[in-house]
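Here is a short briefing on how parts of one protein model pack together. Please look at the structure, then read the points below.

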Amino acid sequence: MLNLHIHSEHFTNPLYLESGRILEPYDIVYETYGELNEARDNVIVICHALTGSHHAAGTYEGDNKSGWWDGLIGQGKAVDTDKFFVICTNVLGSCFGSTGPMSPRYPYNEPYRYKFPVITILDMVKAQRILFDRLGIHQVHAVIGGSMGGMQALAFGVFFPNFAKKIIAMATTAATQPWAIAFNKVAQEAILKDPEFKNGYYDPEVIRENGLSGMAIGRMAGHISFLSHQSMERKFGREYKSNDGLYELFGKFQIESYLEYNGYNFTKWFDPLSYLYITKAINIYDLSRGFDSLEEALGKINAELYLIGFEKDILFLPSEMESIHNTMRTLGKTNSDYFEVKSDYGHDAFLVEIDKIENYVREAL
């Protein structure tokens with residue numbers, strides 16, 4: 001049984017954001033697994049992706065849905081909770097307990113909505129560092145993340161060079177490219193143009209009950225970018241829904257049915273304003289901001305850097321990961337390693353094909 005605990009910390013000191021704005025007060029929700037050793041040097045930080053949360057592993061009592069990286073984290077697994085003390089926080093801007101656009105705005109007690117400031121990946125990381133300082137954790141064994149989690153892991157390496165001994169970043173990039181921004185644009189437009197979104201003044205209870213069709217359409221576009229040509233063919237082929245007729249106008253292929261189911265379901269558990277704020281953070285993410293070049297930014301990394309790309313990832317191409325590694329090499333830094341996973345699953349492979357990465361992660365740790 002995984003030793004799983006949920007905690008929340010409240011901060012009253014102002015958090016100075018990259019935009020120049022201030023967030024105060026704010027809360028961070030986090031989950032821990034395993035035991036902190038006496039030397040406090042067995043900590044592993046896990047960073048979640050866009051729609052993930054602090055619930056990275058294990059199952060809650062009375063719930064059968066395990067954490068999003070349960071295959072990787074646990075007793076005897078690659079991130080071994082018998083050895084390591086693992087901590088995963090919910091990022092600022094999210095809708096799972098940390099302060100976000102639908103949190104009450106002090107002192108008015110109304111939700112922030114659009115008054116919430118734009119949060120960046122660096123802001124998310126900075127808030128986590130403040131949390132860890134409060135917990136007496138000033139250096140960690142490793143930071144691990146995929147996709148937006150990988151962006152955070154890299155940001156830890158660049159902006160807090162002595163915080164982590166090892167950084168494992170997968171299916172991510174040094175700066176979000178136009179292809180990924182374009183998919184996010186479809187989702188943002190679809191949310192904003194849905195009359196039920198009510199220009200951001202929706203009732204969250206109503207959305208939880210009914211969903212939000214604009215957001216569902218945006219999420220469908222997202223799902224296309226998470227898969228690959230090959231994985232769709234293998235999973236769905238040209239199979240048609242068995243109880244639909246081929247010549248019915250609204251008869252569906254299995255892939256259409258899958259996108260609908262996942263799209264509409266999603267809107268009942270993820271907040272639309274959080275989606276807008278987090279996709280904004282992803283879009284404007286660029287490790288070289290504030291530096292003269294990407295080389296200068298990557299030159300700050302002291303940690304051992306382990307980069308994992310996935311062969312058929314169309315959202316963050318493996319070449320984007322490889323170019324980080326090549327830049328490190330060009331800088332004469334020997335603390336970088338690149339591993340490309342043979343996979344035709346697409347971007348989601350880092351969540352799904354654990355068997356292809358677990359040995360690499362285990363050895364890196």
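Helix α5 (residues 213-226) packs against helix α7 (residues 254-266) at an angle of about 125°, and their axes are 8 Å apart. The model is predicted: local features need pLDDT of at least 70, side-chain atom pairs count only at pLDDT 80 or more, and totals for chains, interfaces and linings use all residues. Residues are numbered from 1 along each chain as its sequence is written, and side-chain values use heavy atoms, with hydrogens and water left out.

**Helix pair**
- α5 and α7 are therefore oblique to each other (angles under 35 degrees count as roughly parallel, over 145 as roughly antiparallel, 65 to 115 as roughly perpendicular, and the rest as oblique).
- Residues of α5 in the contact (heavy atoms within 4.5 Å) include Met215, Arg219 and His223, and those of α7 include Tyr258, Asn262 and Phe266.

**Sheet**
- Eight strands form an open sheet with mixed pairing, in the order β1-β4-β8-β5-β11-β12-β13-β14 (two strands pair if DSSP finds at least two bridges between them).
- β1 (4-11) and β14 (336-341) are at the edges with a single partner strand each, so one side of each has no neighbour in the sheet.
- Strands β12 (residues 164-170) and β13 (residues 304-310) run parallel and are joined by five bridges.
- Ile167 lies opposite Leu305 in β13.

**Leu23**
- Leaving aside neighbours within four places in sequence, Leu23 is in contact with residues including Leu15, Leu92, Tyr112 and Phe116.

Methods:
Helices (H or I, at least four residues) and strands (E, at least two) are DSSP runs, numbered from the N terminus. Axes are lines fitted to C-alpha atoms, for helices over the stretch in contact, and angles run from 0 to 180 degrees between N-to-C directions.
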